[in-house]
Amino acid sequence: MAKSRRKNKRQLSFKMGVNDERIPKLFGVVLLFFALYLFIAFTSYLFTWSHDQHYLSGTAWQFLMDSETQVDNWLGRLGVLVSDFFFRWLFGLPSYLLIILLVVGGLSAIKRTPLQRVWRFMRNIFLITILLSVVFEFVAGDEAAFAWGGAVGESASNWLINFVGRIGTIVLFIVFLVALFVWNFNPTAEEMSPKNIQYQTTHFFQQLIYGNKWKSKLPNFGKEEEKKELEPLRPSHKRDNLELEHVEEKEQEESLKVNQGEQLNFEVVEESFKKENQEKKKTLDDFEIEAPLPNNANANPIPSAPISIQEENKNHLEPYDPTLELSSYEHPVLQLLEDYNEQKIEIDRAELEANKDQIIETLLNYKIEIVKIKATIGPTVTLYEIVPAPGVRISKIKNLEDDIALSLAALGIRIIAPIPGRGTIGIEVPNKHKQIVSLKEVLQSDKFRRAKMDLPIALGKTISNEVFVADLAKMPHLLIAGATGQGKSVGINTALMSILYKKHPSQVKLVLIDPKKVELFPYSKIEDHFLSFLPDAKESITTETNKVVSVLNSLCIEMDQRYDLLKKAHARNINEYNKKFVERRLNPNKGHKFLPYIVLVIDEFADLIMTAGKEVELPIGRLAQLARATGIHLIIATQRPSVNIITGVIKANFPARIAFKVTSKIDSRTILDSGGAEQLIGRGDMLLSVGSDLIRLQCAFVDTPEVEKVLDFISNQPGYPQPYHLPEFHTDDEEHGMSGIKFSEVDDLFEDCARMVVQKQIGSTSMLQRSMKLGYNRAGRIMDQLEAFGIVGPPQGSKPREVLFYDEMEVIDFINQLKNK
């Protein structure tokens, strides 16, 4: 036994020597010292090289040992020798960049940053050093006394000049720079456009002139950082032994920072504490599921177009391109969005250990043993996955939600029992320091840039720190609900920005309804590009309740017209129809046209239900049931998730729902048909329900100034001569008022009541009763006549009607015109 203990002690000492984190820290300090030494030596060499250089005629050893030699370099003879070696025999003046490599390497070693994270930067610095060495020597020439490019630059420059000439060498320099940029940033065609390059250059010089803090705006098109698992820690089942195996090792690892997306494994075994070496598993962050095949992939082939149509289109062999009318349109650049990388917060290993111990201790208090615990760190919450011991009932753990929240002193504890498809139980614990997920970070990810979706929406990041992109066309409608100030408007802006960044104006149109009148008004700038509205609308964004009814019914007419076109074309959905039209298998002379997607966005649905009721609910229900095949999709947001707002018809046709933080479990069940939304922590923390799946996400953040920059970028480009108008729609009251009622048939007090309503700006039947001393029936009949002739608006529930005239003389002139007809 004693021999075994001595053997274990020797093994522990060896492990402590190899894994001692003081060693890389000391190595990092040494690298920083060399960086400072070289900086002082190089700087001194710039001023003293001409005087000290003639001492280097002999060997280096003789020069170092000659104590009688007096040099001017600030670091003595060694400083002269080192500086001369780097400047004359290596890279010349660009040797300063090697100091950056030492600084980055030193800081990485001190912070325990993996080499893979800084390898690309260090590699680029080294390549730029070589390139600048050759460029400096090429410009300076052989006659220069100072070693501008060193021996490396001189040799390479002379060889290139002799091989391809001076002009060829300049061309090679430019090609190398462009290739280096493309290799590292992999920009899209839009980002390499002349307009984007002009914007980048202008932005750089503006920052330089006005003295603002300038930071690189080049997007990080690199792959996402790989997740990695730390070695498992194996505590015991016994409460008395709830500590790590080696106290010394735990104390050293408390300062270790765990980056976002890492996974931390703990295992509980019956033996005393052991630590096993385990290979780190490489996770596939960049694995991307290909888009599913269209619905008609396995369907029977549709008969080809009639011969008459083929003959009419025989001169148009090229496919139709809907973007030709705005061929100069450029998608917004990512540099318009803000980057919040500097606000990223690292999570302390000690916090994870403390939460793990508290969870284990709380479960053991109730005699619940676990076999394994694993932590997955996200931007907002950390998911602890536990595997209970055999015989433990899941409901027993589920009932301890409040007790675990009390022991961790945290809000928003959520237990998932069990996690579908994993065989574990999840405990979501909010991080003490939340990370902001910027929209720029999400849009520049490969998952969004390479997404082959009809209407891609980058919603944010999952709790495993992966970008989540959904297709609105597959949802096919989205319901967003949550309490005030929890992120609904930001979620709408995120969805709209995703569409604007991905789609051409010919491919999608937006119908925006904003009863609050202040949330979506910036989008009116792009009415000539992306917006769609009624022909007689004064504003491109609908804000009045009576106009909302007309817009919704107009969309129903648009839907019916599209179904007629699909029927004539023998197509089942908009994708099949547009594919036929692009292939010129449909004749435009017979009414066929390219159909863009239409996205209807309603910011505050509850206000519309309160004021208009069934007039709004019926067309919404009809669109939700039928419009998906015609390419019309709905995004509806509300802050009142009650059953009279989110009715059964709406829930049945909105399988995709987003719930931000709500106040009660009843509201959560109204939105998601399950609890959980009441335990969110707010500020963009949300649950996405798609079918039977429930996904926790951190919504991508985009601020109003960023939205305005993107909209200005689009509005400054040429738009369509005419906006995309919806079909005209007139209510029954309007048609009856214009054609069914003659002015000679109105009440004798019609004119007096009209003047009274305009004077007081109150369209109320009870006001007419009191002011004109009328009975209720007569006052109501006069109010209906005022509405029929367009003097007041339609009923708004318990609110007074809107008065459509603001001046008494104006309404008198209008009535006189009616008399003369």
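A: For the angle discussed here, an axis is a line fitted to C-alpha atoms, for helices over the stretch in contact, and the angle is taken between N-to-C directions, from 0 to 180 degrees. In the predicted model, the axes of helix α25 (residues 750–760) and helix α27 (residues 776–788) come within 10 Å and cross at roughly 75°. Angles of 65 to 115 degrees count as roughly perpendicular, and α25 and α27 therefore stand roughly perpendicular to each other. On the α25 side, the contact is formed by Phe750, Cys753, Ala754 and Val757, and on the α27 side by Ile782, Gln785 and Leu786. By class, these residues divide into 6 nonpolar and 1 polar, with no charged residue.

Among contacts in the chain with a separation of 6 or more, 71% are between residues 24 or more positions apart.

Glu351 is buried but has no salt bridge. The nearest side chain of opposite charge, that of Lys432, is 5.5 Å away, whereas a salt bridge requires a nitrogen–oxygen separation within 4 Å. Beyond its neighbours within four places in sequence, Glu351 is in contact with Tyr384, Asn431 and Lys432.

Ile359 also lies in α11. Its relative accessible area is 0%, so Ile359 is buried. Leaving out residues up to four places away in sequence, Ile359 touches Ile373, Tyr384, Ile404, Leu408 and Ile427. Of these, Ile373 is 14 residues from Ile359 along the chain, with 9.6 Å between their C-alpha atoms.

Several loops show backbone features to note. Most residues other than glycine have a negative phi, and most peptide bonds are trans. Met475 and Pro476 are joined by a cis peptide bond, with omega about 0°; Pro476 is in the loop between β9 (467–471) and β10 (478–481). Lys517, in the loop between β11 (508–513) and β12 (532–533), has a positive phi near 70°. With a relative accessible area of 45%, Lys517 is partly exposed. Asp673 has a positive phi near 65° and lies in the loop between α22 (665–672) and β16 (685–690). Asp673 counts as partly exposed, at 46% relative accessibility.

Note on methods:
Residues numbered from 1 in each chain as written. Predicted model: local features only at pLDDT ≥ 70, side-chain atom pairs only at ≥ 80, totals over all residues. Heavy atoms only, no water. Helix = DSSP H or I, 4+ residues; strand = E, 2+ residues; numbered from the N terminus. Parallel < 35°, antiparallel > 145°, perpendicular 65-115°, else oblique. Contact = heavy atoms within 4.5 Å. Nonpolar A, V, L, I, M, F, W, Y, C, P; charged D, E, K, R; others polar. Buried < 20%, exposed > 50% of the residue type's maximum accessible area, 1.4 Å probe, protein only. Lys, Arg positive; Asp, Glu negative; His and termini not counted.
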